[in-house]
Amino acid sequence: MAQIAPIIPDRFTSAIPHYVSGRPRYSDRLIAKLAQETKLTPQSRVLDLGCGPGSLTLPLSRYAGTTFGIDIDPAMIATASAATADAGAVIDWRVGTSFDLDASLAPLDLVTIARAFHWMDREATLQRLDELVAPAGSIALVNTELHPAPELKWHDAFEELRTAHGRFDDFYRWRKGNDWEAHTSVLLRSPFNVVETISVFEKRLTPLDEVVARALSFSANSPAALGEDGRRAYQNAVHDRMLSLSPEGIFPEIVETVAIIAKRPD
C-alpha cells in the first residue's frame, strides 16, 4: 500500500541557507530547453509547485508571462520573495501545498515540480492538475543527478557520512525500498501519460564550503533534525573527510539536470 509523506511545514526550515548555497543549481541550458519543449511564450502561465527558495522558479520566470511559486514552508516563500526582489522579477508567491491548488491558477501552461514530487500525494496531485493545466499544457519533474568525475570520486564518501549521521523516518525508508513506484510509472497511469525526458550534463568544480552546505541541506541531515551537537559532529566529519580527499578544497563533479516532461495524449 502506498504511503504519503507526513505534512511537516517546517521540515526544511533550518536547512534553508544550506539548501540555497549547497544544492546543485539547475542548468540554464536545461531550463531554456524545457521552455522550448513546452512552447512557453510571454503569455504563458507557469506554476512551480513545491518551489522551495525559488531555485527553479526564478530562472524559469524569464520565459513566461505569469509565474506562481507555491511552497508549504512560509520561510521558504520568504526566502524566495527576497531573491525575487533582488533579481527584479515579478512572481506570485503563495504558501500552500498540492492540496491548496485553487481555480485562480488556471489555465496553466506548465507546472514544474523540482525535487518535491515524492513529498506529495502524487496521484491526487496529478488529478487536481488535470483540472488546472491547459489542454496543451505540460507537467515537468525537474531534478539534478550527480555523476563522478574521473579525477576525483568523492560522492560515495559523502553519501556514507550522510547516511551514517541522518535521522531517517519511516517514510524515507519506505521510499527507498522495493515498494516505491517510480515517478514515471505514476505519470504513465495519469492523464499526463505521454512522457519523455530531457537532460543536460555539465562539468562543475564545487568548492568545499558548498559541499558542506549540501550535506546540511537534506531534511534528515538538517540542523533541526540533528540537534546542535549532532550538527557540529556531522559538519566537522564532512569537512574533514572531504578535505582529506582534496586538500585544495575543490570537488569536480558531473551534474545532470533532468526534466521528465509529461503531457496528455493528442
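User: What do the buried residues of α5 pack against?
Analyst: The buried residues of α5 pack against β1 (45–49), β4 (108–114), β5 and α8 (183–188). Contact means heavy atoms within 4.5 Å. Helices (H or I, at least four residues) and strands (E, at least two) are DSSP runs, numbered from the N terminus.

User: What should I know about the model and the numbering?
Analyst: This is a predicted model, in which local features need pLDDT of at least 70 and side-chain atom pairs count only at pLDDT 80 or more, while totals for chains, interfaces and linings use all residues. Residues are numbered from 1 along each chain as its sequence is written, and side-chain values use heavy atoms, with hydrogens and water left out.

User: Which residues of α5 are buried?
Analyst: In α5 (residues 122–132), R122, T125, L126, L129 and L132 are buried. Buried means under 20% relative accessible area, exposed over 50%, and partly exposed in between (1.4 Å probe, protein chains only). The buried residues of α5 fall within an arc of 115° seen down the axis, so they line one face of the helix; the arc is that of the directions from the helix axis to the C-beta atoms. Q127 and E131, on the other side of α5, are exposed.

User: Turning to α6, which residues are buried there?
Analyst: Helix α6 (residues 155–165) has H155, A157, F158, L161 and R162 buried. They fall within an arc of 165° seen down the axis of α6, so they line one face of the helix. D156, E160 and A164 are exposed on the face turned away from the buried side.

User: And what do those buried residues of α6 pack against?
Analyst: Their partners are β5 (133–148), α7 (170–175), α9 (208–215), α10 (223–245) and β7 (250–263).

User: How do α6 and α10 cross?
Analyst: Their axes come within 10 Å and cross at roughly 165°. Axes are lines fitted to C-alpha atoms, for helices over the stretch in contact, and angles run from 0 to 180 degrees between N-to-C directions. The two helices, α6 and α10, are therefore roughly antiparallel (an angle over 145 degrees).

User: Which residues make the contact?
Analyst: From α6, A157, F158, E160, L161, R162 and H165 take part, and from α10, L226, A233, Y234, A237, V238, R241, M242 and L245.

User: Finally, how many residues of α9 are buried?
Analyst: Six of the eight residues of α9 are buried, namely L208, V211, V212, A213, R214 and A215. The buried residues of α9 pack against α1 (16–22), β5, α6, β6 (194–207), α10 and β7.

Technical notes. Parallel < 35°, antiparallel > 145°, perpendicular 65-115°, else oblique.
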